[in-house]
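Subject: Structure handover and findings

Hi,

Here is the structure for you to look at. My notes follow below it.

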Amino acid sequence: MSIPVDIALFDYKRGDLWEGIPTIGPVLINSAQPVDELTRVRMHFTKRKSTFKLDSDSTEEPDAPITISNAVTWEATIPEVQEFIPCAGDWSWDMEFYSGSNTAPQTFYSGTITVIDDITK
């Protein structure tokens with residue numbers, strides 16, 4: 001079992017455009033390219049009972065999309081998000097990767113992001 005790599009994302013000013021993540025991956029498992037192709041990437045930000053969802057599966061009705069740019073090498077992107085996390089505070093997040101016919105993910109990344117309140121609301 002692998003432990004997710006902890007990544008602290010840059011602080012975000014509530015209400016501003018979030019720049020997204022231009023490149024995620026390639027992902028290596030045990031120093032090798034995964035055998036099965038990447039089928040889905042999911043990232044959730046949570047704070048208490050609030051959740052902001054990003055997902056490559058549009059049928060899951062995410063708050064913002066993730067695009068798988070190379071399923072073989074497990075690379076993805078998160079484009080700019082116009083309406084990002086709606087309230088200030090520290091949000092925890094993790095990123096899950098699904099492959100082949102697996103219904104359980106592998107969580108490779110997690111961390112926090114601080115959302116700073118704006119004064120203009």
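Strands are DSSP runs of E, at least two residues long, and helices are runs of H or I, at least four residues long; both are numbered from the N terminus. This is a predicted model, where local features need pLDDT of at least 70, side-chain atom pairs count only at pLDDT 80 or more, and totals for chains, interfaces and linings use all residues. Residues are numbered from 1 along each chain as its sequence is written, and side-chain values use heavy atoms, without hydrogens and water.

The loop between β3 and β4

S31 lies in the loop between β3 and β4. Its phi is positive, about 65°, although S31 is not a glycine. N30 sits in the loop between β3 and β4 too. Phi of N30 is near 55°, again positive in a non-glycine residue. Buried or exposed? N30 counts as exposed, at 76% relative accessibility. S31 is exposed as well, with a relative accessible area of 70%. (Exposed is over 50% relative accessible area, buried under 20%, partly exposed in between, using a 1.4 Å probe and protein chains only.)

P26 belongs to this loop between β3 and β4 (38-47). The peptide bond joining G25 and P26 is cis, with omega about 5°.

The largest pocket

A pocket is an open set of points on a 1 Å grid over the protein atoms alone, with protein on both sides within 12 Å along at least five of seven lines; a cavity is a set where a 1.4 Å probe fits but cannot get out, and lining residues have an atom within 4 Å of a point. Volume is the space filled by probe spheres set on the points, which are joined across faces, edges and corners.

The largest pocket holds about 350 Å³ of space. Its lining has 19 residues, and L9, F10, W18, G20 and I21 lie nearest the centre. β1 (5-8), β3 (21-24) and β9 (89-99) each supply at least two lining residues. Which strand gives the most? β3 does, with 4 residues. By class, the lining has 14 nonpolar, 3 polar and 2 charged residues.

W93

W93 is in strand β9. W93 is buried, at 5% relative accessible area. Beyond its neighbours within four places in sequence, W93 is in contact (heavy atoms within 4.5 Å) with I7, L9, M43, H44, F45, Y109, S110, G111, T112 and I113.

Best wishes

How values were computed
Nonpolar A, V, L, I, M, F, W, Y, C, P; charged D, E, K, R; others polar.
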